[in-house]
Amino acid sequence: LTPAMLDIFHQWIVDKNAKNITLKQADVLDLENLPWDWKEYDLIVSEGMLEYLPKDKVPQALCNLKQLLKGDGKLLVFITRRNIVTKLLVERWWKANIYDEKEVKQIFQDTGFGEFRFKSFSTMWLNSTIVVEAKR
């Protein structure tokens, strides 16, 4: 999330007087500085983040997220699919990585998820998103 996004979310927390929400900046490649009780999650959602990591660091990021899950917890990943639109917009303009299902499948196999499956997710961007649901 960008600082502007976090500012908007923080303002929402204040405006709604929301309770039990803690904002903490963290690096998915280095989770050592997380609060001690940030673990055992039922669900972690990653959307629009892995694309901005170097491709060789994505397995490490997924392993780190996997370690934060409960034994039966799920990781839901939305990652940009390679197609003509994303090649022009995401890869060239935003300088982010894009993937095909074969690459994503290999990454999840290499990171040792016990079970994972592709989910269907229709968008207006010509099927530009790969969605994976993985169990620890």
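## A buried phenylalanine and its ring partners

F108 is buried, with 2% relative accessible area. This is a predicted model. F113 is also buried, at 6% relative accessibility. The rings of F108 and F113 form a tilted aromatic pair. Ring pairs bring F116 into a cluster with F108 and F113.

F113 has a charged neighbour as well. The charged end of K66 sits over the F113 ring, 5.3 Å from the ring centre.

How many aromatic pairs does the count come to? The count is four. One of them is F9 with W12, a stacked pair: the ring centres lie 5.8 Å apart, and the planes are at 10°, so they fall under the 30 degrees that stacking requires.

F9 and W12 belong to helix 1, residues 3-16. They are three residues apart there, or about one helical turn.

## Salt bridges around E103

The whole structure holds nine salt bridges. One of them pairs K55 with E103, with the closest N and O atoms 3.2 Å apart. K55 lies in the loop between strand 1 (41-47) and helix 2 (58-67), while E103 lies in helix 4 (residues 101-110), so the bridge ties together parts 48 residues apart in sequence. K55 is partly exposed, at 33% relative accessible area. E103 is partly exposed too, at 26%.

E103 also meets R82 in a salt bridge, 3.0 Å from N to O. R82 is in the loop between strand 2 (69-80) and helix 3 (84-93), so this pair links helix 4 to a part 21 residues apart in sequence. R82 is partly exposed, with a relative accessible area of 31%.

## A strand-to-strand bridge

K119 and E133 form another salt bridge, at 3.6 Å from N to O. Which elements does this pair tie together? K119 is in strand 3 (residues 115-119) and E133 is in strand 4 (residues 129-135), so the bridge joins parts 14 residues apart in sequence. K119 is partly exposed at 33%, whereas E133 is buried at 13%.

## One network, plus a ring

Salt bridges with shared partners connect K55, R82, D100 and E103 into one network. K55 has a ring contact too. Its charged end sits over the ring of Y99, 4.5 Å from the ring centre.

Key
Residues numbered from 1 in each chain as written. Predicted model: local features only at pLDDT ≥ 70, side-chain atom pairs only at ≥ 80, totals over all residues. Heavy atoms only, no water. Salt bridge = Lys/Arg side-chain N within 4 Å of Asp/Glu carboxyl O. Helix = DSSP H or I, 4+ residues; strand = E, 2+ residues; numbered from the N terminus. Buried < 20%, exposed > 50% of the residue type's maximum accessible area, 1.4 Å probe, protein only. Phe/Tyr/Trp six-rings, centres within 6.5 Å; stacked < 30°, edge-to-face > 60°. Lys NZ or Arg CZ within 6 Å of the ring centre and 35° of its normal.
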